[in-house]
Amino acid sequence: LGGAFLGGLILNLMPCVFPILSLKALALAKAGGDDHEARSEAIGYSIGAIGVIMALGAILLVVRSSGSALGWAFQLQDIRVVALLLLLVTAIALNMAGLFELPSLSVTGQAKPGLAGSIGTGALAAFIATPCTGPFMAGALGAALLLPAPAAMAIFFGLGLGLSLPFLVLGFWKRSRSWLPRPGAWMIKLRQMLSLP
């Protein structure tokens with residue numbers, strides 16, 4: 001469980017997740033000090049991230065119990081899923097580069113994503129993070145595939161919690177939001193740079 005939690009934390013630094021987490025942090029910085037909105041964003045992101053990882057884990061356990069030899073990130077073995085994610089990640093990169101504005105990932109303050117947007121962002125971050133494995137995740141995921149279902153699901157929960165922890169901290173610990181730089185024109189430049197990874 002500890003390895004899964006640490007692995008989830010490390011996933012936040014991966015090129016597929018870090019830009020999404022950064023955009024959400026920038027949205028919080030743009031929103032200012034609204035505690036209710038920050039908590040709502042953090043809860044939504046966590047629900048999406050933990051929910052998707054646990055759903056994928058449950059599907060994996062059910063399919064493996066039927067005799068199939070699937071591994072973690074099994075959904076990325078389907079060319080249709082890969083093509084859909086390629087289109088989605090390309091759209092997000094173009095959005096971050098400034099070609100158009102997606103309301104759920106906006107840092108301009110023109111649209112408020114709300115709880116549904118935060119859940120979607122957390123779900124997307126978790127879904128595209130599944131092929132990334134860190135030094136702590138390999139052992140945890142291996143154990144999850146051998147343990148009884150409740151223990152395995154606890155490991156998947158730990159992975160999702162680790163992935164969502166940085167944003168939970170930003171949402172619930174007001175002082176951590178004061179460490180975020182003040183909003184300004186630099187946010188647009190940073191967003192454009194983050195479109196590359």
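**Checking the labels**

Mentor: Asn12 has a relative accessibility of 3% and counts as buried. Keep in mind that this is a predicted model.

Trainee: What makes Asn12 count as buried?
Mentor: Buried means under 20% relative accessible area. Asn12 is at 3%, so the label buried applies. Asn12 sits in the loop between α1 and α2 (18–31).

Trainee: How do α1 and α7 pack?
Mentor: Their axes are 7 Å apart, at an angle of about 35°. The crossing of α1 past α7 is right-handed. On the α1 side you find Ala4, Phe5, Gly7, Gly8, Leu9 and Leu11; they meet α7 residues including Ile155, Gly158, Leu163 and Pro166.

Trainee: What classes of residue make up the contact of α1 with α7?
Mentor: There are 10 nonpolar and four polar residues, and no charged ones. Gly counts as polar here, so Gly7 and Gly8 go into that class.

Trainee: On to aromatics. Why is the pair of Tyr45 and Phe167 called tilted?
Mentor: Two values describe such a pair: the distance of the centres and the angle of the planes. The ring centres of Tyr45 and Phe167 are 5.2 Å apart, within the 6.5 Å limit, so they pair. Their planes are at 50°; stacked needs under 30 degrees and edge-to-face over 60, so tilted is what remains. By this rule the count is one aromatic pair.

Trainee: How do you know that this pair links distant parts of the chain?
Mentor: Tyr45 is in helix α3 and Phe167 in helix α7, with 122 residues separating them. Both residues are buried.

Trainee: What about the largest nonpolar core, how many residues has it?
Mentor: It has 31 residues, and those with the most contacts inside it include Leu11, Trp72 and Phe156. Helices α1 (2–11), α3 (35–65), α5 (114–129), α6 (137–146) and α7 (149–172) each give two or more residues. The most come from α7, with nine residues. Apart from that core lies another, of six residues, among them Leu85, Met96, Ile128 and Leu194. As a general point, nonpolar side chains in soluble globular proteins tend to be buried together.

Trainee: Which residues does Trp72 touch, again leaving out those up to four places away?
Mentor: Among them are Ile53, Leu56, Thr130, Met137, Phe156 and Leu159.

Trainee: And the overall picture, how many helices and strands are there?
Mentor: The protein chain has nine helices and zero strands. Of its 197 residues, 41% are buried. For contacts with a separation of 6 or more, 77% are between residues 24 or more positions apart.

How values were computed. Residues numbered from 1 in each chain as written. Predicted model: local features only at pLDDT ≥ 70, side-chain atom pairs only at ≥ 80, totals over all residues. Heavy atoms only, no water. Core = buried A, V, L, I, M, F, W, Y, C linked by side-chain atoms within 4.5 Å. Buried < 20%, exposed > 50% of the residue type's maximum accessible area, 1.4 Å probe, protein only. Helix = DSSP H or I, 4+ residues; strand = E, 2+ residues; numbered from the N terminus. Contact = heavy atoms within 4.5 Å. Phe/Tyr/Trp six-rings, centres within 6.5 Å; stacked < 30°, edge-to-face > 60°. Axes fitted to C-alpha atoms, helices over the stretch in contact; angles between N-to-C directions. Left-handed = near helix turned anticlockwise from the far one by under 90°.
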